[in-house]
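Here's a quick briefing for anyone meeting this structure for the first time. Take a look at the model, then read on.

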Amino acid sequence: LNTSFHSLSTIIQLSELLRSLLNIFLMRFPQSQGSISVKTKDGISCVNATTQLNSDAGKSATLQMLRSLVPDIMEQPLILDAWYKDDRLRTIKVQLDIALASCIIIPLRVDKDTVVLIQLFTLPDYAEHYRLNRPVFSALESHAALCLSNAVKYNELAQKSRLDGELDAARSIQRRFTPDAKPAIPHINIA
């Protein structure tokens with residue numbers, strides 16, 4: 001975990017961090033497939049997925065699953081031992097190896113809001129491994145959420161800094177067009 005914690009802590013670009021978050025979790029579940037989705041004002045958007053899910057149809061199916069299963073505020077991970085048997089998901093077609101029968105949905109929360117959902121399709125043994133090692137995975141999830149929060153705040157500060165720089169440049173240009181002293185024009189008083 002220390003290596004994972006360190007590598008995540010060094011990433012500040014949001015797109016790179018999201019890709020890395022998915023990979024960090026997938027490393028703990030060999031032979032698994034997964035996706036990572038971001039909650040926005042408009043809903044949920046899948047931003048990265050592994051090979052079997054990395055198509056328009058695959059991403060669409062994962063989003064349909066999340067919309068069917070995930071409440072607006074998700075505080076705890078959800079584990080489905082046989083996701084394809086769940087009545088809420090019967091109409092959703094996902095092209096996955098049938099051995100990947102278990103689905104784990106992990107919420108990453110920032111400031112009490114669920115902002116990212118990691119969806120893992122894995123072997124049933126790995127779902128049990130997740131349950132048995134819940135404290136370890138909880139630490140990884142907390143650290144991932146902290147890194148996500150830092151990246152979001154860093155990007156906000158970078159954008160604010162960029163805007164401040166643009167405003168300073170505009171002020172400087174305006175000052176160059178404004179005369180330093182009143183022009184001396186006979187018979188006209190400029191206040």
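**Around Thr-50**

Setting aside residues up to four places away in sequence, Thr-50 touches Leu-22, Leu-26, Gln-33 and Gly-34, where touching means heavy atoms within 4.5 Å. Keep in mind that this is a predicted model, where local features need pLDDT of at least 70, side-chain atom pairs count only at pLDDT 80 or more, and totals for chains, interfaces and linings use all residues. Residues are numbered from 1 along each chain as its sequence is written, and side-chain values use heavy atoms, with hydrogens and water left out.

**More on Thr-50**

- You'll find Thr-50 in the loop between strand S2 (43-49) and helix H3 (56-69); helices (H or I, at least four residues) and strands (E, at least two) are DSSP runs, numbered from the N terminus.
- Thr-50 counts as buried because its relative accessibility is 16% (buried is under 20% relative accessible area, exposed over 50%, partly exposed in between, with a 1.4 Å probe and protein chains only).
- Gly-165 is 115 residues from Thr-50 along the chain, and their C-alpha atoms are 39 Å apart.

**The nonpolar cores**

- The largest nonpolar core has 26 residues, and Ile-106, Leu-108, Val-116, Ile-118 and Leu-120 touch the most other members (a core is a set of buried Ala, Val, Leu, Ile, Met, Phe, Trp, Tyr and Cys residues joined through side-chain atoms within 4.5 Å).
- At least two residues of this core come from each of H2 (14-27), S1 (33-40), S4 (102-110), S5 (113-122), H4 (124-132) and H5 (134-177).
- Apart from this one there's another core, of 22 residues, including Leu-66, Val-70, Met-74 and Leu-96.
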